[in-house]
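Let us walk through a protein model together, one piece at a time.

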Amino acid sequence: MDTNREREMATHDLKADPMQGRVARWADIRRKGIPVMFIDSVLDGHYRMNYSVVGDTASENPDYEAAISAPHRFQIGMFEAPPGNGPGWHTHTYVELFMPLTGSWRFVYGEDPDDPDDNVTTVLLEPWDIISFPPQLYRRFENASDTNAIGFAVLDPHEVFTGRDPIWPAWMVERARAAGLAADEHGRMVKPDDFAALEARVTAKINRAG
C-alpha cells in the first residue's frame with residue numbers, strides 16, 4: 001500500500017461519525033425508564049413507565065436522560081402502562097401526538113378542566129393508529145388491554161421548567177400532594193424524603209402487571 005493511501009485511510013479513521021449518539025436501541029431505552037416522571041404517577045390508575053427518547057418530553061422529574069441528546073425541533077417519549085392505567089386529566093400549551101405500539105388504548109378528551117367525565121369524547125386506538133391533540137384541550141388516556149402496553153408520543157418543541165407542564169386541574173394537584181408529590185411554580189418536581197420508596201412502589205405495580 002502506498003504512503004498516500006495509508007495517510008488517507010488514517011485521516012478517514014479519525015473523522016467523527018456523523019451519526020454518533022443518533023441511534024437508540026429499545027433495549028437500552030427500556031432500561032432507563034422513569035416510573036415517577038409526573039406528579040400523578042403515584043396515584044392509583046396512573047402508574048406507567050416513561051421513556052425519554054428525544055428532549056424532555058414534558059417531564060416534571062429532571063432525573064431523566066434522553067436516549068438521543070442531539071437538539072431536535074420536536075420531542076419524543078414512550079410509555080408503558082399496566083391495564084387500566086395512564087396519565088391523569090391534563091393539557092399542554094403545545095401539540096401532543098400519540099400512537100399505540102402494542103395493545104389497545106382509550107383516549108378521552110373534553111374542555112372542562114374540573115370534570116374529566118363531563119361532555120367528553122372517547123376514542124379507542126389500536127397499534128399504529130394516531131391521535132393528535134391541539135393545545136389547551138384536556139385529555140387523559142389509559143391502557144385498555146389485559147396486559148402491559150406501550151405507546152409512543154411526539155411533542156411540539158417547548159421550554160422545560162419555565163412553568164407548570166403538564167397543566168393539571170387543581171383537584172389533580174391536590175390529590176398528588178396528598179399522596180406525597182408536588183411540583184413547584186416552575187413545573188419542577190418537589191421530591192419528598194421518601195421519594196425512593198415512592199419510586200419503588202410504583203415500579204413494583206408496573207412490573208407486577210407486566
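Two strands pair if DSSP finds at least two bridges between them. Helices (H or I, at least four residues) and strands (E, at least two) are DSSP runs, numbered from the N terminus. This is a predicted model, in which local features need pLDDT of at least 70 and side-chain atom pairs count only at pLDDT 80 or more, while totals for chains, interfaces and linings use all residues. Residues are numbered from 1 along each chain as its sequence is written, and side-chain values use heavy atoms, with hydrogens and water left out.

Start with the sheet. Five strands form an open sheet in the order E1-E2-E8-E3-E6, with antiparallel pairing. At its edges are strand E1 (49–54) and strand E6 (131–133), each of which pairs on one side only. Strands of a sheet pair through backbone hydrogen bonds, either parallel or antiparallel. Look now at strand E3 (residues 96–100), which pairs with E6 in the antiparallel sense over three bridges. Here Leu97 has Ser132 in E6 as its bridge partner.

Next come the rings. Rings of Phe, Tyr and Trp (its six-membered ring) pair if their centres lie within 6.5 Å; planes under 30 degrees apart count as stacked, over 60 as edge-to-face and the rest as tilted. The structure holds 12 aromatic pairs.

Ring pairs link Phe79, Phe98, Trp105, Phe107, Tyr109, Phe133 and Phe141 into a cluster.

Finally, find helix H3 (residues 170–178), whose buried residues are Met172, Val173 and Ala176. Seen down the axis of H3, they fall within an arc of 100 degrees (taken from the directions from the helix axis to the C-beta atoms), so they line one face of the helix. An α-helix has 3.6 residues a turn, so residues three or four places apart point the same way. On the other side of H3, Ala170 and Ala178 are exposed.

Definitions and conventions
Buried means under 20% relative accessible area, exposed over 50%, partly exposed in between (1.4 Å probe, protein chains only).
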